[in-house]
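Visitor: I am new to this structure and would like to learn how to read it. Please show me the model and take me through a few features.

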Amino acid sequence: MAEALANTDLQGALPLVARGKVRDLYEVDEKTLLFVATDRISAYDVIMENGIPNKGVLLTLCTKTWFKILTEAVPGLRTHFLTLDLPPQIPASLRPVLQNRSMQVRKLRILPIEAIVRGYITGSAWKEYQKSGTVHGLAVPAGLQESEAFPNGPIYTPSTKAELGEHDENIHPDEAVKIVGERYAARIAELAVQLYKAAHKYALERGVIIADTKFEFGVDEETDEVVLADEVLTPDSSRFWPKDTYAIGRGQASFDKQILRDWLVQEGLKGKEGVRMSDEIAQKTAEKYKEAWEKITGGN
């Protein structure tokens with residue numbers, strides 16, 4: 001396997017602002033950031049010791065493609081994306097490694113919630129539903145089976161945005177209002193569902209079901225607009241299922257990090273720090289990411 005890029009070092013070319021689970025953020029100027037997608041991978045809120053080669057490039061190109069699709073499909077949508085071109089401050093020696101895994105973006109005030117939209121009942125939503133008949137505390141119809149589409153359409157189910165190393169918590173939409181304020185919360189809820197519906201339709205025509213996904217939003221301080229930020233609709237932030245094998249009443253095969261999650265559970269390593277994936281798991285996960293990217297974007 002090729003070498004994974006676990007960390008970036010811009011040799012002082014730009015100041016480092018933050019390191020997330022996957023992205024390293026650098027400041028280009030007072031209005032612009034450079035988002036660099038590394039090959040790090042996390043599961044159950046823990047970053048693995050080794051990464052998935054080329055994953056950062058796939059995530060970046062996938063996100064760029066989705067931004068184009070979504071801005072055409074959703075009137076009035078603004079995103080933070082500016083360009084895949086690297087800023088002039090980046091030395092020539094680093095450009096081959098950083099190209100196509102980096103995007104220059106507008107600096108925003110990021111709103112501290114994850115805007116999750118669920119079209120199908122699975123994962124933590126299915127677990128909660130089995131116990132209480134609710135999803136994020138919301139009443140949903142009785143008698144649903146695992147992996148079934150919500151009969152009244154996709155639902156907005158936010159979560160908290162935890163600090164690195166902490167766990168996001170599923171919350172009721174009313175809690176999101178308390179965190180970000182009613183006006184921003186209403187716009188996020190409306191936009192997130194619109195974006196999910198547009199993406200779901202696009203992907204379904206290409207043989208992929210988007211079961212659920214999460215969006216992040218920020219506020220443009222100059223215009224006070226809510227702007228779509230971070231990555232969108234990648235295998236890191238979404239649950240993708242192959243349409244041709246989908247069946248209600250069971251878990252589904254998926255084009256995401258489910259292989260890694262299942263392996264961690266099987267090996268008793270869920271939530272533990274310092275875990276190194278086996279080469280086989282890293283390779284299989286890389287193949288699933290690539291397959292999802294090729295199906296949805298045509299590999300461009």
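Guide: Domain 1 and domain 2 bury about 2800 Å² between them, with 67% of that on carbon and sulfur atoms. Buried area is the accessible area (1.4 Å probe) that two parts lose on being put together, summed over both. This is a predicted model, in which local features need pLDDT of at least 70 and side-chain atom pairs count only at pLDDT 80 or more, while totals for chains, interfaces and linings use all residues. Residues are numbered from 1 along each chain as its sequence is written, and side-chain values use heavy atoms, leaving out hydrogens and water.

Visitor: Which residues of domain 1 lose the most area to domain 2?

Guide: The size of an interface is often given as the accessible area lost when the parts come together. Here Tyr44, Trp66 and Arg78 lose the most on the domain 1 side, together 28% of what that side buries.

Visitor: Where do the two domains run?

Guide: The assignment, automatic or from a database, gives domain 1 as 16–106 and domain 2 as 109–271. Their C-alpha centres lie 21 Å apart. The contact (heavy atoms within 4.5 Å) takes 31 residues from domain 1 and 34 residues from domain 2.

Visitor: How should I read the packing of H1 and H5?

Guide: Two packed helices are described by the angle between their axes and the distance between the axes. Helices are DSSP runs (H or I, at least four residues), numbered from the N terminus. Axes are lines fitted to C-alpha atoms over the stretch in contact, and angles run from 0 to 180 degrees between N-to-C directions. For H1 (residues 55–73) and H5, the angle is about 115 degrees and the axes are 10 Å apart. That makes H1 roughly perpendicular to H5, a term for angles of 65 to 115 degrees.

Visitor: Which residues of H1 and H5 meet?

Guide: Trp66, Ile69, Leu70 and Ala73 in H1 meet Leu195, Ala198, Ala199, Tyr202 and Ala203 in H5.

Visitor: At what angle do H1 and H7 cross?

Guide: H1 and H7 (residues 279–297) cross at roughly 20 degrees, and their axes come within 10 Å. The two helices are therefore roughly parallel to each other, the term for angles under 35 degrees. On the H1 side the contact includes Lys55, Leu58 and Trp66, and on the H7 side Tyr289 and Trp293 are among the residues.

Visitor: What is the angle between H4 and H5?

Guide: H4 (residues 173–180) and H5 (residues 182–204) pack at about 130 degrees, with their axes 7 Å apart.

Definitions and conventions:
Angles under 35 degrees count as roughly parallel, over 145 as roughly antiparallel, 65 to 115 as roughly perpendicular and the rest as oblique.
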